[in-house]
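Look over the sequence and the model before reading on.

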Amino acid sequence: AAKKLGDILKAGTVFKTTTDVEEGSEPDKFWNFLGGKDEYASSRVEECPRDPRLFQCSDVSGAFDVEEVYDFSQDDLDANDVFLLDVWT
């Protein structure tokens with residue numbers, strides 16, 4: 001999935017190839033491009049401290065509107081809007 005996204009994002013840029021790199025084995029040029037290496041979360045959280053929350057962002061009314069979607073499922077997603085999933089991490 002990450003490689004496919006990289007291939008999509010490189011279109012129209014000076015980058016011509018993508019490279020698979022295992023986490024923790026990133027070359028210095030990768031970190032330099034991002035402004036330097038710093039601490040970051042790299043382990044999975046075993047248990048979510050709270051239930052995830054889904055927010056739907058839309059401008060269909062002419063104004064930017066954000067609404068929380070309660071008791072959500074895949075069927076709640078709309079390709080015309082942006083959704084934010086808050087998983088508390």
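Is E68 buried, partly exposed or exposed? The terms are set by relative accessible area: buried is under 20%, exposed is over 50%, and partly exposed lies in between, with a 1.4 Å probe and protein chains only. E68 has 23% relative accessibility, so E68 counts as partly exposed. In the chain of 89 residues, buried residues make up 10%. This is a predicted model, in which local features need pLDDT of at least 70 and side-chain atom pairs count only at pLDDT 80 or more, while totals for chains, interfaces and linings use all residues. Residues are numbered from 1 along each chain as its sequence is written, and side-chain values use heavy atoms, with hydrogens and water left out.

The chain holds 2 helices and 3 strands, and along the sequence they follow the pattern α-α-β-β-β. Both kinds of element are DSSP runs numbered from the N terminus: helices are H or I with at least four residues, strands are E with at least two.

The 3 strands form an open antiparallel sheet in the order β2-β1-β3. Strands β2 (65-69) and β3 (82-86) are at the edges with a single partner strand each, so one side of each has no neighbour in the sheet. Two strands count as paired if DSSP finds at least two bridges between them. Strand β1 (residues 53-58) is joined to β3 by 5 bridges, and Q56 stands opposite F83 in β3. In general, strands of a sheet pair through backbone hydrogen bonds, either parallel or antiparallel.

Now return to E68. A salt bridge is a side-chain nitrogen of Lys or Arg within 4 Å of a carboxyl oxygen of Asp or Glu. The whole structure has 1 salt bridge: R53 pairs with E68, and their closest N and O atoms are 3.0 Å apart. R53 lies in strand β1 and E68 in strand β2, so the pair ties together parts 15 residues apart in sequence. R53 is partly exposed, with a relative accessible area of 28%.

Rolling a probe the size of a water molecule over the atoms shows where empty space is left. On a 1 Å grid over the protein atoms alone, a pocket is an open set of points where a 1.4 Å probe fits, with protein on both sides within 12 Å along at least five of seven lines; lining residues have an atom within 4 Å of a point. Of the 23 residues that line the largest pocket, T17, T18, T19, V21 and F30 are the closest to its centre. Helix α1 gives the most to this lining, with 6 residues.
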